[in-house]
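Please read the sequence alongside the model shown here, and then follow the report below, which takes up one part of the structure at a time.

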Amino acid sequence: MNDTEINLALRSLHQKEALSFYTAIAPWLVGFCLFTAGPLLISLGASFTDWDLLTNPRWIGLENYRNLATDPYFAQSIKVTLAYTAAYVPLDLVGGLLLALLVRPRLKGIGIFRTIFYLPTVFSGVAFVVVWLWMLNPNGGLINLALGWFGIEGPRWLLDPKYALWSLILMSFWGWGRSMALYLGGMQSIPGELYEAAAMDGAGSFRQFFAVTLPLLSPTIFFNLVLSMIATFQSFTSAFVATNGGPLDSTLFLVLYIYRQAFEFFNMGYATALAWVLFAIILILTLLLLRSQRFWVFYLGERSE
Amino acid sequence: MKTLYRFLLVTILLSLVLSACTTTAPSTPAASESTVVIRAGTGDGGDGLTPHQQIIQNFEDQNPNVIVQLEPVSGRDYYARLLTQLAAKAAPDIMQIGDDAVPSFVTKNAFIPLDTYLKDSNFDASIYLPGLLEPGKIDGKQYLLPKDYSPLAVYYNKKLFDAASVPYPVDGWTWEDLLATAQKLTLKDPSGNVTQWGIQLPAAWTTGFEYWVAAAGGSLISKDGKNFAGAMDSPEVARAVQFYADLYNKYQVAPQPADMNAFGGGNSEFANGKAAMMLFGRWPQGGFKTNPNISLGVVAPPKDKVRANILFWGGFGIATSSKEADTAFKYLSYVSGEPGAQVWKDWALPAVKSVADSSGLSKDPIEGVWIGELNYLMPRAYTFTPYWNETADPALRRVLESVILDPNADVKGLLAQAAKDAQAAMDKLGE
């Protein structure tokens, strides 16, 4: 074979490779264009229209976005969503970490506990909200019954505007298993010799946790933080099933309000504008978090400054 | 190995493309050339589908060249699904919707007017019981025909009345009679805990609350459908809200709602034999009749200034996008007509008078009460504006939640605020 022949052979190999590459990702590519990119663009376009889904959309420019400013329910839903995120995300980060530490030791039967803690995240959202509805029932629900044994008269939970959002936060504790699993994975990738070295230097388990585990876990914490922030901003199921945003709009999540505008009030244009605002908020917060990374996230193999 | 891989790829790709097609246009059963297939959408589910299926079976037996495909989507997703289908121009030929969705669907051209069909086919629209055509009518044109319906009534448990030697409530009773009866039937143990409630009420159910407003002689919206001021904040509405709230908090004859979000408050006191009366529609009646805790009686809701009731209604219409409108009407006049009513009567109140009479339901001590209430219907607020649900409904809900939760709530102030909020939302739409 001379050089040209080799080149030709190489080129056809490249072409073949490219072809099989595109064939292999075709299902994803087609699916992405049809079911993600397409609707995404359509929703962006729809946000500049007055569209009730039944008649043709009418172009109204930025009016939907201008109307946001005077919409009291939009303001309320932003307030509720921010409050929920601010309460839930830290609880999820700490709670998941505590759970992970609890089930970390390789004891006999520990797999059972890991499974139990992880299980709720696999359940259907609606099913577990319904179970919580029974537990939170003020008359004879499990939680108030238990509080009653200690002589405490439990609150009316989902029926009380002061407690309704907290009830939803309480419900969301069942999602801790997800971050627990991620933390466990992160902990397993911490080299054992670091602990040996720390032990030789006389560090106790607390010191080991703060000097070794926590810094080396910071990428996982960061990952959990971003993921849980994004997911919390999009909370919907618990409020949709348990409270429908009430009482007195105390659990009116932004996504629930979007659903209401779209499918109950037939204002698809306004609903898509709301959705893009939600996207902008999440995007900005995610970018801020990414920027903050270099101050507190430590990657192994990287030199800290 | 390589061929297997290729085969797999092709299969995956094919199935992807095919599934993409089938999601927009559901597959139809094999049909011969002369066979017409029509699709019927319904929001019913579970047992509620049986009468649909039975009627379709009867219809297909008589019309061998027509296949009716039932497309059920139960629960709150029904309208979301229907709207998406309409937007994609893939809506079922026959669509079932509920009363307060009629104005928005019709004003947005989702349904065809039936008047020419009714005239051409000599369909006798006077077969229906009073008030049952109106919810399907917009601007004098008929768009939907009735499926089923329910007014409100008061259920009572004869066992509890007998035990307390309280006479049963009778038609024509008043709000004061209701309060007095409920007080006699609210029982407490020596330490002051309520062991039995006078009446179970439907919490912050806004549409159900329109009965109280109508009975007090009030209205939540002006007749031209534009103003809430002077209606929602009127003394009549204030009296209705105050009386309702007092049943909960001042006289404490009604149990607090168990679940503010559940339809009707999610209470189970009446079903458990722990409440003597209950104000609601006919929907749970089947369960009450077989419930060993209950010996059931039903009476008209009490009157205040006005002997009033309101109607909850579901109906069928033909989609504008239907390509088989003639066949669809044939089925529509069957399912909503006398043959359909013969089947419905075993499941819900029949809409056709002759069926209600011949089956004895009109004279039945329980069913007769519901049917008789059709003579006292007042128009619901949604009939005055297609924007009721997004303007005033959230405002009214706020008022009801507030007065139920807070015994010291300022009813007049809350209603004034609600009228203002609803008006602001309405004015914004008009811009």
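## Two helices of chain A

Which residues in helix 12 of chain A meet which residues in helix 13 of chain A? On the side of helix 12 of chain A they are L254(A), Y257(A), I258(A), Q261(A) and A262(A), and these meet M268(A), Y270(A), A271(A), L274(A), A275(A) and L278(A) in helix 13 of chain A. The residues of this contact divide into 10 nonpolar, one polar and no charged, where Ala, Val, Leu, Ile, Met, Phe, Trp, Tyr, Cys and Pro count as nonpolar, Asp, Glu, Lys and Arg as charged, and the others, Gly among them, as polar. Two residues are in contact if their C-beta atoms, placed from the backbone, lie within 7 Å.

This is a predicted model, in which local features need pLDDT of at least 70 and side-chain atom pairs count only at pLDDT 80 or more, while totals for chains, interfaces and linings use all residues. Residues are numbered from 1 along each chain as its sequence is written, and chains are lettered from A and ligands numbered from 1 in the order in which they are written.

Helix 12 (residues 254–264) of chain A and helix 13 (residues 268–296) of chain A have axes 7 Å apart and pack at an angle of about 160 degrees; helices are DSSP runs (H or I, at least four residues), numbered from the N terminus. Axes are lines fitted to C-alpha atoms, for helices over the stretch in contact, and angles run from 0 to 180 degrees between N-to-C directions. Helix 12 of chain A and helix 13 of chain A are therefore roughly antiparallel, the word used for angles over 145 degrees, whereas under 35 counts as roughly parallel, 65 to 115 as roughly perpendicular and the rest as oblique.

Among the residues that make the contact are L93(A) and L97(A) of helix 3 of chain A, with M180(A) and Y183(A) of helix 8 of chain A. By class, this contact has nine nonpolar, three polar and one charged residues.

## Where the chains touch

The contact between the chains takes 24 residues from chain A and 25 residues from chain B. Helix 1 (3–46) and helix 12 of chain A each supply at least two residues of the side of chain A that touches chain B, and helix 1 of chain A gives the most, with six residues. That side of chain A has 14 nonpolar, eight polar and two charged residues.

L133(A) lies in helix 5 (residues 125–136) of chain A. Leaving aside its neighbours within four places in sequence, L133(A) is in contact with A242(A) and D259(B).

## Inside chain B

Chain B is divided into domain 1 (36–150 + 312–376) and domain 2 (153–310 + 387–430), with bounds that come from an automatic or database domain assignment. The C-alpha centres of these domains of chain B lie 29 Å apart, and their contact takes nine residues from domain 1 of chain B and 13 residues from domain 2 of chain B.

Nine of the 10 residues of helix 8 (residues 206–215) of chain B are buried, so this helix is largely enclosed by the rest of the structure. The buried residues of helix 8 of chain B, including F209(B) and W212(B), pack against helix 9 (235–248) and helix 15 (388–405) of chain B. Helix 8 of chain B is followed by G217(B), whose phi is positive, near 85 degrees.

How values were computed
A residue is buried if 20 or more other C-beta atoms lie within 10 Å of its own, exposed if 12 or fewer, and partly exposed in between; C-beta atoms are placed from the backbone.
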